[in-house]
Amino acid sequence: MTLDPITTEVVLSRVRETTEAMAHALFHSGYSPILRESQDGTAGLTDADGRVIMVGGGIQYHSMLYTKSVESLLMAYPGDAMEDGDSFICNDPYQAGNSHVPDMVVATPVFYEGRRIAFGVSVAHKADVGGLVPGSSGAGSREIFHDGLRLPPVRYWTKDGVIPEIENIIRTNSRVPDVVVGDLRGQVGSTRLGAERLQALSDEYGVDTLVEAMESLIDRTRDRVRAEIATWPDGEAQAEGFMDHDGADPATPVKIHVRAVKKGDRLTIDFSGSDGQTKGPINTPAQTCKAVTVLAAIAASDPTIPVNSGAFEALDIVLPDGKIVSPVFPATVNHYFPTSHLAYACVVAALGKLNPSRAVAPPGLGNGAIAIGYREGRSGRPTVQYELMVTSLGGTADHDGTAMVMGMCHFTPSTPVEIVETEYPIRIRKFDTWEDSAGAGRTRGGIGFVREYEMLSDVILTCRTANHEQPGWGVEGGEGPPVCVTSINPDGPDSEELAALDTREALAGTIVRLEQTGGSGYGDARRRPPEKVLKDVRNGYVSVAAAAEKYGVIIVDGKIDADATKDARG
């Protein structure tokens, strides 16, 4: 059976509508701010074997983890062990491929007249699943058992509803059981919505038409990626970056190295030169590294290419076991995100040398999160505040980097101030741009920010960021931004700067300030038009001193001194 192009596009548009509806249901049924506000989750569809078809909303690299999740489920429940109406869960990174233990996977098989045709899948972060600290991602983790409750692939829901024994296990192992179970049930609902929509589409267009249309999308993605790569000149390029340390050995930075080789229509991305897995929690699972590598390859080629399993089939990704980007059990992985983000930046940097027209400066490398455990929240019960910390994008050949946008995923998951203060006993004293936080360049990086909290009760605080010691880098003569800074009581006599990974008790009245750096610059800063530098100064993005030092633009009394600027620029 060969579908005509019009039928294919009509059916795929309906499938796309389905995944968007799944994501809408997921985020609008979320109990926790990390899901409903920050959208730390996704919902989408795979084929019957787990190949990713399409995903809606949220953190896009999640979708490329679906395949391993479904494969692990099919191993645990082979043959006819699955039934229509079942939904399954798993959150063990070594079995399901999820990025870390707090990311729970829900998978619902889609049946049509007894035939399994697809899976509805969702991955979403949970506020707390046990472990050493509130939020389940402690700086002191040294093995996966410290990261919280690990569930193998297990049936969670049937046509008769939830399986209470499984849900009770989850409740018993969480500090905020109602929030976690509420989010989890929202995931189940989103995947079951996807199943119902696909069954309805099968009624309308025929099941074979639906399946062929979905499979054709994977084939076209694979072919588009290969065709794009074929236009690049053959060659080899390398890039590397460093994590500050792993939390266990604060004196030793940890390297990620990428070697990209392009030959014909094949692209090999090799991480063999990266450092080995660490004792501390900065390891990132191999499946996550593969996912962000796929996103980087699409960004460096044609960003209109759909994200699905076809892109995997067009790339050769080399990840030897036992590396920081491919750890083996029982390594802890709870602080995986900054490592994954750095891996993405390194792949983009290497591919930018092979395809300079798509080169882009790295985004700020200080991504991560904070987790705060309260003995008593606004509701009177124990609660956990979990917030994502984003940075900003790097400059390109044509544009400045966008401010306060998560690199790699390109969306804005910062929780609104009003929501934070309503949900938790905490006051946000400041949320503002950070002057001189962007890497200078002909096009500068996006501006970073300062976010300052005042604890209104005694808490357990975990700061999980990065880029406190190892700065980012510019492209084509651009400069990297300053490093991030996290400090306690920054303006007081007991001021203390925290490490990138830090867990501690904090008393009521404690002030915590996070200065999250901006993106890197692209091109020689002294070729930036002086009028743009003046505008940045007026907006508070660049200081008068930095305008002179970095850009060679002399500003006096709010105006450009043309003669002095000409002399400064040589």
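Which residues of α1 are buried?

1. **Ground rules.** This is a predicted model, in which local features need pLDDT of at least 70, side-chain atom pairs count only at pLDDT 80 or more, and totals for chains, interfaces and linings use all residues. Residues are numbered from 1 along each chain as its sequence is written, and side-chain values use heavy atoms, with hydrogens and water left out.

2. **Helix α1.** The buried residues here are T8, V11, L12, V15, T18, T19, A21, M22, A23, L26 and F27. Buried means under 20% relative accessible area, exposed over 50%, and partly exposed in between (1.4 Å probe, protein chains only). Their cover includes α2 (33-36), β1, β2, β5, α6 and α7 (207-230). Helices (H or I, at least four residues) and strands (E, at least two) are DSSP runs, numbered from the N terminus. An α-helix has 3.6 residues a turn, so residues three or four places apart point the same way. Helix α1 covers residues 5-28, 24 residues in total, and spans 34 Å from its first C-alpha to its last, close to the 34 Å expected at 1.5 Å a residue. The expected span is 1.5 Å times one less than the number of residues.

3. **The seven-stranded sheet.** An open sheet runs in the order β2-β1-β5-β4-β3-β6-β7, with antiparallel pairing. Its edge strands are β2 (52-56) and β7 (161-162), and each pairs on one side only. Two strands pair if DSSP finds at least two bridges between them. Strands β3 (residues 87-90) and β6 (residues 154-158) are joined by three bridges. Look at F88: its bridge partner in β6 is R155.

4. **Helix α6.** This helix (residues 177-205) lies across β1 (41-47), β3, β4 (103-112), β5 (115-125), β6 and β7, at about 25 degrees to β4. Axes are lines fitted to C-alpha atoms, for helices over the stretch in contact, and angles run from 0 to 180 degrees between N-to-C directions. Contact means heavy atoms within 4.5 Å. Helix α6 has 29 residues and reaches 42 Å from first C-alpha to last, close to the 42 Å expected. Just after α6, G206 takes a positive phi of about 95 degrees.

5. **Helices α8 and α10.** The axes of α8 (residues 286-299) and α10 (residues 336-354) come within 9 Å and cross at roughly 35 degrees. By class, their contact has twelve nonpolar, three polar and no charged residues. Ala, Val, Leu, Ile, Met, Phe, Trp, Tyr, Cys and Pro count as nonpolar; Asp, Glu, Lys and Arg as charged; the others, Gly among them, as polar.

6. **The five-stranded sheet.** A further open sheet has the order β14-β15-β20-β17-β18, also with antiparallel pairing. The edges are β14 (426-433) and β18 (496-497), each pairing on one side only. Seven bridges join β14 to β15, while β15 and β20 (residues 511-516) share six. R451 is the bridge partner of F431 and stands opposite L514 in β20.

7. **Strand β15.** In β15 (residues 449-455), seven of seven residues are buried. F449, R451, Y453 and M455 point one way, and V450, E452 and E454 the other. In a regular strand the side chains alternate between the two faces of the sheet.

8. **Y541.** Is Y541 buried or partly exposed? Y541 counts as partly exposed because its relative accessibility is 25%. Y541 sits in the loop between α12 (530-538) and α13 (544-551). Leaving aside neighbours within four places in sequence, its contacts include T433, W434 and R444.
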